[in-house]
Amino acid sequence: MAQQTSTAIASAIAVQTIGGVPAVEMQQTIFTIGEETLAAEILMAKGEEARAILDQNLHDIVKGLPYVEFMLVRDFHKAGAVDKGKSDDAAQKIWERQIKRLGTTFDFVVPKSESKDAVRKAEAKAKEIAKLAEFSDDDLESRKAELLTKGDDKSCTMVKKINAELTRRNAAEIDKAKAERKAISDKLIARVKELAKAGTDDADALLISALQLLG
(Lines give C-alpha, C1' and ligand atoms only; values in the text may rest on other atoms or scores of the structure.)
Protein backbone atom coordinates (compact mmCIF):
# COMPACT_ATOMS: atom_id res chain seq x y z
CA MET A 1 0.00 0.00 0.00
CA ALA A 2 2.81 2.38 0.97
CA GLN A 3 4.59 1.57 -2.29
CA GLN A 4 1.47 2.42 -4.37
CA THR A 5 1.03 5.71 -2.51
CA SER A 6 4.65 6.71 -3.15
CA THR A 7 4.30 5.87 -6.84
CA ALA A 8 1.12 7.97 -7.14
CA ILE A 9 2.78 10.96 -5.46
CA ALA A 10 5.83 10.69 -7.72
CA SER A 11 3.60 10.54 -10.80
CA ALA A 12 1.66 13.62 -9.68
CA ILE A 13 4.88 15.55 -9.11
CA ALA A 14 6.26 14.55 -12.51
CA VAL A 15 3.24 15.89 -14.48
CA GLN A 16 4.01 19.35 -15.90
CA THR A 17 1.15 21.82 -15.97
CA ILE A 18 0.40 25.16 -17.59
CA GLY A 19 -2.19 27.19 -15.71
CA GLY A 20 -3.37 24.11 -13.92
CA VAL A 21 -3.83 22.14 -17.16
CA PRO A 22 -1.51 19.26 -18.02
CA ALA A 23 1.15 20.62 -20.37
CA VAL A 24 0.67 17.79 -22.83
CA GLU A 25 -2.94 18.93 -23.37
CA MET A 26 -1.77 22.50 -24.14
CA GLN A 27 1.19 21.55 -26.32
CA GLN A 28 -0.59 21.38 -29.69
CA THR A 29 -2.54 24.60 -29.10
CA ILE A 30 0.61 26.53 -28.21
CA PHE A 31 2.52 24.95 -31.10
CA THR A 32 -0.23 26.09 -33.48
CA ILE A 33 -0.14 29.63 -32.08
CA GLY A 34 3.60 29.80 -32.67
CA GLU A 35 3.28 28.38 -36.16
CA GLU A 36 0.45 30.71 -37.18
CA THR A 37 2.14 33.75 -35.59
CA LEU A 38 5.17 33.10 -37.78
CA ALA A 39 2.95 32.85 -40.87
CA ALA A 40 1.15 36.10 -39.91
CA GLU A 41 4.45 37.95 -39.41
CA ILE A 42 5.70 36.74 -42.79
CA LEU A 43 2.50 38.04 -44.40
CA MET A 44 2.86 41.36 -42.54
CA ALA A 45 6.46 41.72 -43.72
CA LYS A 46 5.41 41.04 -47.30
CA GLY A 47 2.53 43.50 -46.93
CA GLU A 48 4.82 46.22 -45.56
CA GLU A 49 7.29 45.64 -48.38
CA ALA A 50 4.52 45.86 -50.99
CA ARG A 51 3.13 49.00 -49.35
CA ALA A 52 6.56 50.65 -49.36
CA ILE A 53 6.83 50.02 -53.11
CA LEU A 54 3.36 51.49 -53.67
CA ASP A 55 4.30 54.54 -51.59
CA GLN A 56 7.36 55.03 -53.77
CA ASN A 57 5.26 54.68 -56.94
CA LEU A 58 2.72 57.24 -55.73
CA HIS A 59 5.46 59.66 -54.69
CA ASP A 60 6.99 59.44 -58.16
CA ILE A 61 3.61 60.55 -59.54
CA VAL A 62 2.63 63.33 -57.13
CA LYS A 63 5.97 65.04 -56.46
CA GLY A 64 6.05 68.48 -58.05
CA LEU A 65 2.42 68.42 -59.17
CA PRO A 66 0.29 71.57 -58.93
CA TYR A 67 -2.72 71.44 -56.63
CA VAL A 68 -5.35 70.73 -59.30
CA GLU A 69 -3.43 67.74 -60.72
CA PHE A 70 -2.66 66.48 -57.21
CA MET A 71 -6.39 66.44 -56.42
CA LEU A 72 -7.09 64.56 -59.65
CA VAL A 73 -4.62 61.89 -58.54
CA ARG A 74 -6.47 61.72 -55.22
CA ASP A 75 -9.81 61.16 -57.00
CA PHE A 76 -8.38 58.32 -59.12
CA HIS A 77 -6.73 56.81 -56.04
CA LYS A 78 -9.96 56.85 -54.04
CA ALA A 79 -11.88 55.35 -56.96
CA GLY A 80 -9.61 52.29 -56.80
CA ALA A 81 -10.58 51.68 -53.16
CA VAL A 82 -14.26 52.44 -53.73
CA ASP A 83 -14.28 49.95 -56.61
CA LYS A 84 -13.21 47.29 -54.10
CA GLY A 85 -16.18 48.03 -51.84
CA LYS A 86 -14.83 50.74 -49.56
CA SER A 87 -16.96 53.78 -48.71
CA ASP A 88 -15.89 57.22 -49.93
CA ASP A 89 -14.93 58.15 -46.36
CA ALA A 90 -12.85 54.99 -45.91
CA ALA A 91 -11.14 55.57 -49.28
CA GLN A 92 -10.32 59.15 -48.22
CA LYS A 93 -8.70 57.90 -45.01
CA ILE A 94 -6.60 55.38 -46.98
CA TRP A 95 -5.42 58.24 -49.22
CA GLU A 96 -4.64 60.48 -46.24
CA ARG A 97 -2.63 57.75 -44.49
CA GLN A 98 -0.56 57.14 -47.61
CA ILE A 99 0.07 60.86 -48.17
CA LYS A 100 1.12 61.13 -44.52
CA ARG A 101 3.63 58.31 -45.07
CA LEU A 102 5.00 60.14 -48.10
CA GLY A 103 5.60 63.15 -45.89
CA THR A 104 7.44 61.03 -43.33
CA THR A 105 9.45 58.94 -45.80
CA PHE A 106 10.11 61.40 -48.61
CA ASP A 107 9.48 64.81 -46.97
CA PHE A 108 6.61 65.26 -49.42
CA VAL A 109 4.60 68.45 -48.97
CA VAL A 110 1.01 68.64 -50.23
CA PRO A 111 0.73 71.39 -52.87
CA LYS A 112 -1.07 74.56 -51.86
CA SER A 113 -4.60 75.29 -53.02
CA GLU A 114 -4.73 77.72 -55.91
CA SER A 115 -7.67 79.67 -54.46
CA LYS A 116 -7.77 83.47 -54.52
CA ASP A 117 -6.64 83.49 -50.90
CA ALA A 118 -3.71 81.23 -51.71
CA VAL A 119 -2.70 83.47 -54.62
CA ARG A 120 -2.90 86.54 -52.38
CA LYS A 121 -0.67 84.88 -49.76
CA ALA A 122 1.81 83.81 -52.42
CA GLU A 123 2.01 87.37 -53.76
CA ALA A 124 2.53 88.73 -50.24
CA LYS A 125 5.31 86.20 -49.65
CA ALA A 126 6.97 87.19 -52.93
CA LYS A 127 6.94 90.84 -51.83
CA GLU A 128 8.56 89.95 -48.50
CA ILE A 129 11.28 88.01 -50.33
CA ALA A 130 11.90 90.99 -52.64
CA LYS A 131 12.24 93.33 -49.65
CA LEU A 132 14.93 91.17 -48.07
CA ALA A 133 16.72 90.23 -51.30
CA GLU A 134 19.31 93.00 -51.03
CA PHE A 135 20.51 91.81 -47.62
CA SER A 136 23.07 89.04 -47.16
CA ASP A 137 22.59 86.20 -44.68
CA ASP A 138 24.96 87.94 -42.24
CA ASP A 139 23.01 91.21 -42.56
CA LEU A 140 19.79 89.38 -41.79
CA GLU A 141 21.31 87.63 -38.78
CA SER A 142 22.50 91.00 -37.43
CA ARG A 143 19.10 92.56 -38.04
CA LYS A 144 17.43 89.64 -36.29
CA ALA A 145 19.66 90.06 -33.23
CA GLU A 146 18.72 93.74 -33.02
CA LEU A 147 15.01 92.96 -33.26
CA LEU A 148 15.22 90.28 -30.59
CA THR A 149 16.64 92.79 -28.12
CA LYS A 150 13.54 94.95 -28.62
CA GLY A 151 11.14 92.10 -28.02
CA ASP A 152 7.95 93.90 -29.05
CA ASP A 153 5.28 92.25 -31.22
CA LYS A 154 6.29 94.08 -34.39
CA SER A 155 9.94 93.08 -33.95
CA CYS A 156 9.00 89.44 -33.25
CA THR A 157 6.87 89.35 -36.40
CA MET A 158 9.82 90.65 -38.42
CA VAL A 159 12.11 88.03 -36.84
CA LYS A 160 9.73 85.31 -38.06
CA LYS A 161 9.90 86.73 -41.59
CA ILE A 162 13.71 86.83 -41.47
CA ASN A 163 13.85 83.23 -40.22
CA ALA A 164 11.56 82.16 -43.06
CA GLU A 165 13.78 83.91 -45.61
CA LEU A 166 16.97 82.35 -44.21
CA THR A 167 15.32 78.92 -44.31
CA ARG A 168 14.21 79.50 -47.91
CA ARG A 169 17.69 80.56 -48.99
CA ASN A 170 19.32 77.55 -47.37
CA ALA A 171 16.63 75.04 -48.33
CA ALA A 172 18.97 73.13 -50.66
CA GLU A 173 21.57 72.64 -47.93
CA ILE A 174 18.88 71.72 -45.41
CA ASP A 175 17.40 69.17 -47.83
CA LYS A 176 20.85 67.77 -48.53
CA ALA A 177 21.51 67.36 -44.81
CA LYS A 178 18.15 65.64 -44.38
CA ALA A 179 18.90 63.27 -47.25
CA GLU A 180 22.31 62.42 -45.78
CA ARG A 181 20.78 61.75 -42.36
CA LYS A 182 18.10 59.54 -43.93
CA ALA A 183 20.73 57.57 -45.88
CA ILE A 184 22.73 56.97 -42.70
CA SER A 185 19.56 56.03 -40.82
CA ASP A 186 18.52 53.55 -43.52
CA LYS A 187 21.97 51.91 -43.45
CA LEU A 188 21.88 51.63 -39.66
CA ILE A 189 18.40 50.10 -39.69
CA ALA A 190 19.37 47.61 -42.40
CA ARG A 191 22.50 46.63 -40.47
CA VAL A 192 20.57 46.20 -37.20
CA LYS A 193 18.06 43.94 -38.97
CA GLU A 194 20.91 41.84 -40.39
CA LEU A 195 22.50 41.45 -36.95
CA ALA A 196 19.18 40.66 -35.27
CA LYS A 197 18.44 38.05 -37.91
CA ALA A 198 21.88 36.48 -37.53
CA GLY A 199 21.23 35.60 -33.88
CA THR A 200 24.89 34.86 -33.12
CA ASP A 201 26.87 35.88 -30.06
CA ASP A 202 29.04 38.18 -32.17
CA ALA A 203 25.98 39.82 -33.70
CA ASP A 204 24.39 40.28 -30.26
CA ALA A 205 27.61 41.84 -28.98
CA LEU A 206 27.63 44.33 -31.85
CA LEU A 207 24.00 45.23 -31.20
CA ILE A 208 24.71 45.80 -27.50
CA SER A 209 27.76 47.94 -28.33
CA ALA A 210 25.74 50.02 -30.78
CA LEU A 211 23.00 50.51 -28.21
CA GLN A 212 25.51 51.66 -25.61
CA LEU A 213 27.10 54.12 -28.05
CA LEU A 214 23.69 55.57 -28.90
CA GLY A 215 22.99 56.03 -25.22
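1. Let us start with a pocket. Helix H5 (116–132) and H7 (residues 153–169) each supply at least two residues to the lining of the second largest pocket. Helices (H or I, at least four residues) are DSSP runs numbered from the N terminus. A pocket, found on a 1 Å grid over the protein atoms alone, is an open set of points where a 1.4 Å probe fits, with protein on both sides within 12 Å along at least five of seven lines, and lining residues have an atom within 4 Å of a point.

2. A word on the model before going on. It is predicted, so local features need pLDDT of at least 70 and side-chain atom pairs count only at pLDDT 80 or more, while totals for chains, interfaces and linings use all residues. Residues are numbered from 1 along each chain as its sequence is written, and side-chain values use heavy atoms, with hydrogens and water left out.

3. Back to the second largest pocket, which holds about 220 Å³ of space. That volume is the space filled by probe spheres set on the grid points, which are joined across faces, edges and corners. H5 gives the largest share of the lining, six residues. Among the lining residues are Lys121, Glu128, Leu132, Glu165 and Arg168. By class, the lining has four nonpolar, no polar and six charged residues. Here Ala, Val, Leu, Ile, Met, Phe, Trp, Tyr, Cys and Pro count as nonpolar, Asp, Glu, Lys and Arg as charged, and the others, Gly among them, as polar.

4. Two of those lining residues, Glu165 and Arg168, also meet through their side chains in a salt bridge (2.8 Å, N to O). The term stands for a side-chain nitrogen of Lys or Arg within 4 Å of a carboxyl oxygen of Asp or Glu. Glu165 and Arg168 are three residues apart in helix H7, so about one helical turn separates them. Glu165 counts as buried at 3% relative accessibility, whereas Arg168 counts as partly exposed at 40%. The cut-offs are under 20% relative accessible area for buried and over 50% for exposed, with partly exposed in between (1.4 Å probe, protein chains only).

5. Arg191 is partly exposed at 41% relative accessibility, and Glu194 is partly exposed at 48%.

6. Asp186 turns up again in the largest pocket, where Glu48, Ala52, Thr105, Asp186 and Lys193 lie nearest the centre among the 15 lining residues. Helix H2 (23–62), helix H4 (88–106) and H8 are the elements that give two or more residues to this lining. H2 provides the largest share, seven residues. About 450 Å³ of space lies in this pocket, and its lining residues divide into five nonpolar, two polar and eight charged.
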